[in-house]
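Subject: Structure handover

Hello,

Please find the structure below, with the sequence alongside. My notes on what was found follow it.

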Amino acid sequence: MELDSLYQEVILDHYKHPLNKGLSASYGAQVHHVNPSCGDEITLNLTVDNGIITSITWDGVGCSISQASVSIASDLLVNKSFSEADAILDAFTELMHSKGTKQGNPDVLDDAVSLAGVSKFPARIKCALLGWMAFKDAAVRIKTTTGESNDGNKC
Amino acid sequence: MAFNVANVRKDFPIFERTIRDGKKLIYLDSGATSQKPLSVINAESDFYKFHNAAVHRGAHQLAEEATDAYEGARLKVANFLGAREEQIVFTKGATESLNLIAYAMGNAEPGSRFALTSKDKIVVTEMEHHANLIPWQQLAARTGAELSWFEVTPDGRLDLSNINSVITEYTKVVALTHQSNVLGTIIPLEAIVARAHEVGAVVVLDACQSAPHMPIDVIALGVDFLVFSGHKALGPTGVGVLWSSVLDDLPPFLYGGSMIETVTMTTATWAPAPRKFEAGVPNMAQAVGLGAAIDYLTALGMSNVHNHEVGLTKYLIEKLSQVPDLKIVGPTNVDSRGGTVSFTVGDIHPHDLGQYVDSQGVAVRTGHHCAWPLTRKLGVPATTRASLYLYNDESDCDALFDAILGAQKYFS
């Protein structure tokens with residue numbers, strides 16, 4: 001059924017066993033984002049060392065899509081430079097807005113390709129992007145304070 | 001006229017379509033917006049096809065016909081509420097009606113009964129829709145008045161135990177919902193109106209969730225303002241109603257054409273109510289469509305509509321109570337409650353639950369339902385809401401029940 005394209009096994013796995021859930025004691029930036037249409041909330045801690053993302057931890061309440069998506073992002077974006085993370089973020093954002101026409105490149109997006117089905121359900125795109133937008137916001141804050149490059153940050 | 005839900009459903013073209021690959025449409029989201037009978041769709045369409053012209057202006061036949069149709073709709077709404085025509089203002093929706101009242105009060109001359117200062121109080125409740133909370137928050141911020149509120153008890157009723165300290169001699173306005181759009185609770189209005197009037201405050205009633213579902217008599221309710229939206233009462237979007245018995249004392253909110261008596265380059269005076277509050281060319285076709293909706297409801301009989309919904313709400317609550325891990329948020333009996341039932345189902349997030357039941361053709365609302373302070377107070381991030389109307393029947397409740405069980409299996 002159509003619903004199965006939304007709720008991939010990988011998503012439900014991440015939802016039931018989320019990665020990096022629980023906020024780290026220290027961080028370079030902390031952000032709090034909400035989805036005003038449904039009340040989902042997320043707090044995200046981002047730590048960067050020498051231009052490389054070393055830790056993303058988070059806590060929050062939300063639907064399976066938002067929770068799985070931030071779980072995937074918190075794993076995928078670690079050990080990346082800002083420009084690498086921005087490229088992944090761009091690819092993911094493009095996939096989410098593809099209205100079901102794209103599958104996503106697993107070499108770039110890894111588990112995040114399992115969220116491709118979300119793009120067929122317009123009301124859920126915000127759910128999938130919640131954690132990623134929180135990451136983007138946290139990254140901007142660190143870049144602003146440390147003078148890191150903003151190149152590629154355009155989604 | 002006997003109420004026959006099978007016949008009622010035939011009047012709504014949308015039930016002829018299917019949903020999600022051929023499934024029957026089970027529409028349980030009338031609290032957000034109602035479906036429309038063919039007579040309403042035709043009335044709006046016929047206005048454009050045959051009578052379209054700007055009302056209250058133009059010396060031609062079409063303008064006369066348009067004005068008759070528009071003012072005829074006003075009379076229908078007045079009769080529906082037990083009110084007089086000149087007490088009915090058409091707005092673009094209930095949200096605008098509420099903002100109109102709040103902004104007009106903000107425009108009141110210092111010292112007049114509606115003028116607020118830092119000494120005054122505005123009273124709301126914790127179960128308000130954002131549309132009946134934020135305009136008052138903002139009016140309080142602009143005038144320095146204090147915003148206070150009645151709290152909600154854990155079983156979803158208004159706590160009036162401190163009514164005399166919430167509504168005090170400094171209270172100028174008490175704005176509250178007649179029926180919660182989340183809990184379904186119908187509030188104990190009589191005691192609140194009595195206390196408000198004792199201290200000289202006006203009562204603003206948000207009847208969005210009540211006027212479409214039960215007989216309303218503004219005189220019996222005793223309130224000073226009542227608003228509801230057309231689109232939740234079988235009417236088109238883009239039209240709302242503001243009723244008030246004190247319009248003459250209230251200054252205008254929006255200025256422009258139609259609402260004036262005389263204009264010079266530096267001054268203007270206002271037309272009498274209701275036109276004082278209807279600046280610009282109004283949403284005519286929508287008002288006429290609402291008139292057709294009122295005709296439809298009146299022909300069915302609002303008592304019949306109400307009785308049908310009370311019976312169905314009882315059935316829905318009994319059915320939902322059989323679902324393991326399902327918790328109804330709000331009253332679990334049908335005493336003073338309408339057909340809006342919010343609930344949580346174990347650990348399944350409402351958004352996921354809503355998505356699953358949608359895959360079975362069942363349309364429900366999920367989230368905080370534009371009443372975020374209330375869901376926070378109740379300790380739930382979000383709920384799933386089923387809201388009934390006159391075209392729903394027991395099979396709709398059964399379909400929801402089956403779909404929830406399916407969701408539990410799917411997400412287990």
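Twelve residues of chain A are in contact with 13 residues of chain B, where contact means that the C-beta atoms, placed from the backbone, lie within 7 Å. On the chain A side, helix H1 (residues 2-6) supplies the largest share, three residues. Helices here are DSSP runs of H or I with at least four residues, strands are E runs with at least two, and both are numbered from the N terminus. By class, the chain A side has seven nonpolar residues, four polar and one charged. Nonpolar covers Ala, Val, Leu, Ile, Met, Phe, Trp, Tyr, Cys and Pro; charged covers Asp, Glu, Lys and Arg; the others, Gly among them, count as polar.

Before going on: this is a predicted model, in which local features need pLDDT of at least 70 and side-chain atom pairs count only at pLDDT 80 or more, while totals for chains, interfaces and linings use all residues. Residues are numbered from 1 along each chain as its sequence is written, and chains are lettered from A and ligands numbered from 1 in the order in which they are written.

Chain A

Strands E1, E2 and E3 of chain A form an open sheet in that order, with antiparallel pairing; two strands pair if DSSP finds at least two bridges between them. E1 (29-35) and E3 (52-61) of chain A are the edge strands, each with a single partner, so one side of each has no neighbour in the sheet. From one strand to the next the twist averages 20 degrees. E2 (residues 40-49) of chain A pairs with E3(A) over nine bridges, and Thr47(A) is opposite Ser55(A) in E3(A).

Axes are lines fitted to C-alpha atoms, for helices over the stretch in contact, and angles run from 0 to 180 degrees between N-to-C directions.

Chain B

The domain assignment, which is automatic or from a database, gives chain B domain 1 (5-30 + 301-410) and domain 2 (42-298). The C-alpha centres of the two domains of chain B are 28 Å apart. Their contact takes 24 residues from domain 1 and 22 residues from domain 2 of chain B. On the domain 1 side, helix H10 (302-320), strand E14 (340-345), helix H12 (372-377) and strand E17 (383-387) of chain B each supply at least two residues. H10(B) gives the most, five residues. That side divides into nine nonpolar, eleven polar and four charged residues.

Helices H2 (residues 38-51) and H9 (residues 284-300) of chain B have axes that come within 8 Å and cross at roughly 150 degrees. H2(B) and H9(B) are therefore roughly antiparallel. Among the residues in contact are Phe47(B) of H2(B) and Tyr296(B) of H9(B).

Regards

Note on methods. Two residues are in contact if their C-beta atoms, placed from the backbone, lie within 7 Å. Angles under 35 degrees count as roughly parallel, over 145 as roughly antiparallel, 65 to 115 as roughly perpendicular and the rest as oblique.
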